Amino acid sequence: MIGTGILKGMAVTARNFIGSYFDKERLTTIQYPEERRIVPEAARNFPFLVYDGNDAEAGLRCVACKICEKECPPQCIYITKSTDKKPDYMDKPQFYPAVFDIDISVCMSCQICVEVCPFEAIKMDQVFELSSRERFDALMLRKSDLSKSNTYYHGIHPTEAAQVDGALAEAAAAKKKPA
């Protein structure tokens, strides 16, 4: 019979409409600023830099290898390598980024920078409320804005962070173990 699909669709809509008055789980609209939807662990928005320890400058995992800058499709990552070296999280002298900027007005959240980083220094954040009144200056995130602790990373991506920390601990133990 012609029109059965329309009738079935209208029945589903009516059932959800009437059911939403009696069952709160059937509501699809949320009152946004007061109520917030739970962000899933796999959600991604913009990159951030992970640092170990308490000091963002001393514990930064990034060694300014510039792989993420080269692989970024919209070319929104800007890195300037330092001229001196500092000890990294394994007490090995490494270069560090003197400048690490990401232009989030251009970033397309493709996660390629995360995938190509050999030091597990870049991860994707779940923060999506980045609106501001400034048009250009607020959209350029500097190294100080991008640096977030490993505990923050564990808070937003617990399973992935545990795997990364386990792999880094194995690598550190393998380097310290005499051959």
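The largest pocket of this predicted model holds about 170 Å³ of space. A pocket here is an open set of points, on a 1 Å grid over the protein atoms alone, with protein on both sides within 12 Å along at least five of seven lines. Grid points are joined across faces, edges and corners, and a volume is the space filled by probe spheres set on the points. Lining residues have an atom within 4 Å of a point. For the largest pocket these are Ile30, Tyr32, Arg36, Arg37, Ile38, Val39, Pro40, Gln126, Val127, Phe128 and Glu129. By class, 7 are nonpolar, 1 is polar and 3 are charged. Ala, Val, Leu, Ile, Met, Phe, Trp, Tyr, Cys and Pro count as nonpolar, Asp, Glu, Lys and Arg as charged, and the others, Gly among them, as polar.

Residues are numbered from 1 along each chain as its sequence is written. Local features need pLDDT of at least 70, side-chain atom pairs count only at pLDDT 80 or more, totals for chains, interfaces and linings use all residues, and side-chain values use heavy atoms, without hydrogens and water.

A cavity is a set of grid points where a 1.4 Å probe fits but cannot get out. There are 2 cavities of 30 Å³ or more. The largest cavity has about 80 Å³ of space. Its lining comprises 14 residues, with Cys62, Cys65, Cys68, Cys117 and Ile122 nearest the centre. Of this lining, 13 residues are nonpolar, none is polar and 1 is charged.

The second largest cavity has a volume of about 70 Å³. Its lining includes Cys72, Cys76, Cys107, Cys110 and Cys113. Pro47, Pro74, Met108 and Met124 also line this cavity. The lining divides into 10 nonpolar, 2 polar and no charged residues.
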